[in-house]
Structures are given as C-alpha cells and as structure tokens.
Amino acid sequence: MIVKQDAQEIFPTLLWTVDIVSADVAAFNASLKAEIENIILPRPKVPSGSNWQTPQDLHTRPAFADFVKLVEMAGRGLAQHLQVEQFPMMITGCWANVNPPGSYHPTHNHPNNYLSGVYYVAVPETGSHLVFQDPRPSLIIPRSAKHSRITGNAYVAQPRPGRMVLFPSWLRHHVPSNEGTTERISIAFNLMFTNFAESLAPPSWKPSAGAN
Ligand SMILES: [Fe+2]
C-alpha cells in the first residue's frame, strides 16, 4: 500500500530577474538609448528581419559605467544565490541590439561564459518576447491538460523596460519577430569567472598521503 507520494524538482534551470526602481527607469533608459543611438549612427541599411548591433565593448566605455554597476550587482546577487560568489566574475562582452519591427534573432547560446543576460531599454507595447528552450532532450512531449514548467518545452519571458534577465550561458534561446510597432532596444552581456583556469579547473580532490 502507498504511504506517501511526493514530487521533487531536480536539475532546475535558473532565470534571475532584476527590475530597477520604477522611478529611475525613464531617465536611465533615456540616457542609455541616447548613447546607443550615437554609436550606431549613421545607421547602415540592414537586411529585412535583421537589426543594428553595437561593438561588444560597451562595458569599457565611460558612458556605460552605471550600466556596468547594475550588471555587477545583478551578477553578484545571482552568484550569492548559487553560492559561488567566492569566485569573482568579469564582463567578457556587452553590446546593444536595436530591433525594428519585423526583426528577430534565431536560436543561439553564449559559449565560453558562465552567465549571460539582457537588459531592456525600450520594448514595444505588445509583440516582444524572449523564448528559452527546454535543454532536456525531449523525445516525448505529451500535451498535458495544463502547460507547466515540468511538461512544457519552452518558456516565454516578457521583456519590459528596466528589467534585466540573467540565465546560464548554455541555455538556448531566441527572440521571435518584433510584432510591435516600435523598436526594441536591449543590451546583452556575458559574465565569466575571472580566474577560471586557476580557481575552478584544477581537480577538487587531494592526492592521498604517499600517493605518487
Ligand atoms: Fe542571446
């Protein structure tokens, strides 16, 4: 006879969402938008469905110093949650995307990094999503009565101005076509352990005494 039935969720995939104080969003985003516009001017013609992207060095530019602080705070918060804050991380790349209506970004991940993230500077009222794909090799996907994070094979995050979403860099994701009427402007970044080879790559076991 059954004494008890229980469910455990193993190997969860963590999304870390950070919202800045709503009173600060308009001014902060206006200043980021002006800097981004400056960088991509004059805008070259891009193919239909494509977008404008800045160089990946925004984190080295003084104009983005406050943004870098925000990334560092968010990264530290997630590292503390994961209890890996004893291993410092650095930004390895940071760039802005300006997506006009109709543009999209196909499925990808961010190799050679531990955490990745995106911050929203401008988001259309409707029709803008970020879709994360189930990393499990799902060969059988039953249509359950209610879509859930256990039985579903995608997660749709809702962008909004002032929001930052961090995720494991291996997690595949895509940005569907911007179905809104205005541009979606976002800033993406990658974080990696600063001293990965020195601090994390060596074996964690110690040779026993007398071993050779
Ligand atoms: Fe991405």
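Author: Pro42 lies in the loop between helix 1 (22–40) and strand 2 (52–53). Helices (H or I, at least four residues) and strands (E, at least two) are DSSP runs, numbered from the N terminus. The model is predicted, so local features need pLDDT of at least 70 and side-chain atom pairs count only at pLDDT 80 or more, while totals for chains, interfaces and linings use all residues. Residues are numbered from 1 along each chain as its sequence is written, and side-chain values use heavy atoms, with hydrogens and water left out.

Reader: What makes the peptide bond from Leu41 to Pro42 worth a remark?

Author: That bond is cis, with omega near -10°. Most peptide bonds are trans.

Reader: How many helices and strands does the protein have, and how do they run?

Author: There are three helices and ten strands. From the N terminus on, the order is β-α-β-α-β-β-β-β-β-β-β-β-α.

Reader: Why is Ala122 called buried?

Author: Buried means under 20% relative accessible area, exposed over 50%, and partly exposed in between (1.4 Å probe, protein chains only). Ala122 has a relative accessible area of 17%, so it is buried. Ala122 is part of strand 5 (residues 115–122).

Reader: How do you know what Ala122 touches?

Author: Contact means heavy atoms within 4.5 Å. Leaving out residues up to four places away in sequence, Ala122 touches Glu183, Arg184 and Ile185. Gly77 is 45 residues from Ala122 in sequence, and their C-alpha atoms are 24 Å apart.

Reader: Why is Ser186 called buried?

Author: Its relative accessible area is 6%, so Ser186 is buried. Ser186 belongs to strand 10 (residues 184–193).

Reader: Which residues does Ser186 touch?

Author: Not counting residues up to four places away in sequence, Ser186 touches Trp95, Ala96, Asn97, Val118, Tyr119, Tyr120 and Val121. Ser186 and Tyr119 are 67 residues apart along the chain, and their C-alpha atoms are separated by 5.5 Å. Over the protein, residues 24 or more positions apart account for 87% of the contacts with a separation of 6 or more.

Reader: Why is Gln83 called exposed?

Author: Gln83 has 61% relative accessibility, so it counts as exposed. Gln83 sits in the loop between helix 2 (65–82) and strand 3 (89–99).

Reader: What is the phi of Gln83?

Author: Gln83 has a positive phi of about 60° although it is not a glycine. Most residues other than glycine have a negative phi.

Reader: Is Asn112 buried or exposed, and how do you know?

Author: Asn112 counts as exposed because its relative accessibility is 72%. Asn112 also has a positive phi, of about 65°, although it is not a glycine. Its place is the loop between strand 4 (105–108) and strand 5.

Reader: How many residues does the protein have, and what share of them counts as buried?

Author: The protein has 212 residues, and 37% of them count as buried.

Reader: What makes a side chain positive or negative here?

Author: Lys and Arg count as positive and Asp and Glu as negative; His and the chain ends are not counted. The place of a charge is taken as NZ of Lys, CZ of Arg, CG of Asp or CD of Glu. The protein has 16 positive and 15 negative side chains, and the centres of the two sets lie 6 Å apart.
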